[in-house]
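Here is a short briefing to read alongside the model. It takes up a helix pair, then aromatic rings, then the chain as a whole.

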Amino acid sequence: MKRALVVGAAIVLAVGLAWRHRGAFGAGSQADTSYAAEGRSLLYAIPAELRHLPLSSLAAAAFEPGDAPGSVLARAVSVACVPLLAVSLGGLLAGAGGAAVSVLLVCAAAPEWAGFDQPQTLFTLLIMACAGLMVLRRRVPGPWPMVGLGVVLASCLLYRSAMSLFPLLLGSSLAVEALTKKGRQRLRCLGAAAALGLVPYLALLPWLRVQSLAGHGFVAVELGQAESNLVVGSLGMPFCLEGDWRKLVPPEAASKGVWAWAVSETAGHPLRTAKAVAARLRHVAGRYPWLLLLAMAGFWLGRSRPGAWETCLLACYLLAVHAAMAIKDDYLRPWWPVLACLAGAGASLAAKEEPRRRVLLWAAPSLLVLALTGPALLWLETLLARYPGRSSGTSLEGALSTALEAGHEDSWLRLQRGEARLRRGDLAGASSDFARASELRPGQSHWALKRAWLKALSGDRGPLSEIALHGPDSGLDERLDRRLFNSHAALKAGLKSKAQALLAEAVSIQERDAVMPTLPGKTIPLEVRARLSARIPALLNRISANMAGLPASERLGLLELLAGVRPEDCGFLLAAAEAAVEAGSKKRAEPLLSRAEQLCGEPEDRSRMARAWQVLRETKRSLALYEAAASKVPGSALAWVEYAEAAAGSGKPDLAGRALARALDLGPDEEAGRRAVSVFRKLGQSKAALDLAGSLVKRYPASAGLWLEHALAAASEGRREQGLSCLEKALSLGLSGEEEAMAAFVYSSLGEHRKALALFEGLSRKRPGRLTKEDRHRVALVYQALREYGQCGRVLAELIRAHPLEPKLHSDLAVCSYLGGAKTEAVSQLRRALELDPWFLPAAWSYGSILVLEKREAEALTLYDRVLLRPSPREWEGLRGAMETERKALRARRSSPPANW
């Protein structure tokens, strides 16, 4: 009877809370979909970088499908289950009295967990079920409660990285407990320690495989999601903030790794770290100090009850793991219900030992969560195992179209295909997809905004003018986009002053809102704010994200206006200069770069200016800037190596050699050393490259990139066996996608064309549709080396369609066609190559050779005479020598009398 009253009261309270917070159960806006996007990518086999743990992503996709009433009901039920699980855990710990106290305290602390929050609400359910099953395992010994607990622990590992160490901690506590036991009891306890401390991690294996095949190496938790909290926390700030955390990290942290830097920073400032941890603990305890005191008292009174220690261990773990880094309030949503149940454990003084049947009744809500979690976990593991194969071999837009054609009419699929089409420059297709997405999920203002902007580009500014600048939005990105799109449309309409006013408003919004504390009432230290605000990338990021598919000239107009709004901002100025360079407008780029030289003195700025001048073929100014950048940081070997790279690329071997010598004197680290080896190779000094690579791999034996450079240097020196050995070592250590493409190139240069092709095909599966132009060109040459001329021709033809003005592609297609027996096609492609560049020696040599074979020696001689008038790049010195020799032979034959004269 008491149990029925407690459960009934819990249901009434849960329904009342759900009704009170019903406004938090809506389907949400587009800002809610960062997790759901990855979940849908996994579900529909869309190529994507999966950064969040997969169970939380799939849960978000299931709970945020749109505006359907089912999603709202599911959210409400999820929140209402928290009090029911509190009844379950409290009842398991201390019977009806514990359940009553637990549910009352949980409802008293409702502001901390009520209202749906993705992913923390579902994480709370998993944590509560985990605690309930830990107690059940103690109350009902046997294998099946332990198996159930293992399943929930595995689900936690695939849901949130916060639980990544708890199975180990639980297993260690059981191993320590085993030391106090004897005989079979000790063996059973050690078996439980191994099963609960290690076996749940096996569930991570498919996730590890997905990340490894994506080229991310060993990623057992969320990919890069904790780095912001880690960096901010290691600098002594108690709470999270919104802003680009990379500006807080010194440049050398990129080579050491953020985690290694954070550990050294924390260890180097123990007092600052202790103060930050104390501030977090004070903040958490200050929310409900009475609940914390009741939990401590309840645990002490009920410490002898089965499962009380494990519940306390879970509560302490959750607090410790979050207090170690910068926090937000919602991080501890699962902690408060566990704390309330610990307080309820104090009712154990009046509780009697209950029979097994009643214990199972108390455990029913936790077992229900297990019943839902088990199949979901199995389904997830299947999806992860199939994902690499299903998502490979097609482009992003192709995969999205395939999913839509299969009948998955999802607004997210439409939105993503619209974004892909926009990046490709297909404005009409993007507008159509945005319109359909808005029909499927109305109320998404950002989608309507993009569609209105696309209409404005075609001359119809009506829809865009109807969207209020100050209407409801989804955050900083949309506030900026509203002004950027209107500014761009105004600029297209010739309203330059209006466009500039809108951009000025966007800049002020960025400066005000881009760096913000995540907790109300918390301040950001002035020093940190200054470092973050020095170059806030938000506005430039929005221009890049929205306008990447438009010609550079479209971005250039906006960026020039931005540079006028904030003339002292190097970020805007350099972005405008780079857009002018990309657009091929030297006239507009030069004044921007000249102004940047006067204003921007940071080494990174100097390097960007130098690269821009290099593209504009202003070699002298480019090298001067590279030298200035290196001189600013004279102790940086990497800066001198960058100078050497530029000098080598500009045909200044003496300058490159001096810069390399300076870099080597400074003792280059792994990155600088690897690039120095590459420069030696470009200078034709393969012996120096091989010696340097050999010394560096001894210092950094785990560097896959250095072993790859060693292989390249060995190949350049003609040391085939050494090159293959180094290449195998590099591959065993794990290469990035770009490095794998280079490894395939090395295999090809060493004559191992089959291995090269296998690497390229594997890379294409891992990065569908994202092989670079250079990589695809190398694939074509590998096919040619394997005498698969049809495949070679198809790849080169696709490249030519995308890059029709590059003579090298036409020349290589001609060679491939000729070798495949298509002589007419070969001649046509060679003529096209020479139309694009009359002095392109490879095409001239191939065409001349065909003319000689056809006994058209006069035409061949005329061709050679013309193309050899102009000096050639160093890389063609051997080819030029062969052509000059052939020209002499042709002249000699033409001046000699016939044999029968």
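Helix H44 (residues 823-836) and helix H45 (residues 841-853) have axes that come within 9 Å and cross at roughly 140 degrees. Helices here are DSSP runs of H or I with at least four residues, and strands are runs of E with at least two, numbered from the N terminus. The model is predicted, so local features need pLDDT of at least 70 and side-chain atom pairs count only at pLDDT 80 or more, while totals for chains, interfaces and linings use all residues. Residues are numbered from 1 along each chain as its sequence is written, and side-chain values use heavy atoms, with hydrogens and water left out.

**Helix pair**
- The axes are lines fitted to C-alpha atoms over the stretch in contact, and angles run from 0 to 180 degrees between N-to-C directions.
- H44 contributes Lys823, Val827, Leu830, Arg831, Ala833 and Leu834 to the contact, and H45 contributes Ala843, Ala844, Ser846, Tyr847 and Ile850, where contact means heavy atoms within 4.5 Å.
- The residues of this contact divide into 8 nonpolar, 1 polar and 2 charged (Ala, Val, Leu, Ile, Met, Phe, Trp, Tyr, Cys and Pro count as nonpolar, Asp, Glu, Lys and Arg as charged, and the others, Gly among them, as polar).

**Aromatic rings**
- Rings of Phe, Tyr and Trp (its six-membered ring) pair if their centres lie within 6.5 Å; planes under 30 degrees apart count as stacked, over 60 as edge-to-face, and the rest as tilted.
- The count by this rule is 9 aromatic pairs.
- Phe123 and Tyr159 are stacked, because their ring centres are 6.1 Å apart and their planes lie at 15 degrees.
- This pair links distant parts of the chain, 36 residues apart: Phe123 sits in helix H5 (residues 120-139), and Tyr159 in the loop between helix H6 (143-157) and helix H7 (166-178).
- Phe123 is buried at 1% relative accessible area, and Tyr159 is buried at 2% (buried means under 20%, exposed over 50%, partly exposed in between, with a 1.4 Å probe and protein chains only).
- Tyr288 and Trp290 form an edge-to-face pair, with ring centres 5.7 Å apart and planes at 85 degrees.
- Tyr288 is buried at 13% relative accessibility, whereas Trp290 is partly exposed at 36%.
- Tyr288, Trp290, Trp335 and Trp336 are linked into a cluster by ring pairs.

**Whole chain**
- The chain has 47 helices and 2 strands.
- Of its 901 residues, 50% are buried.
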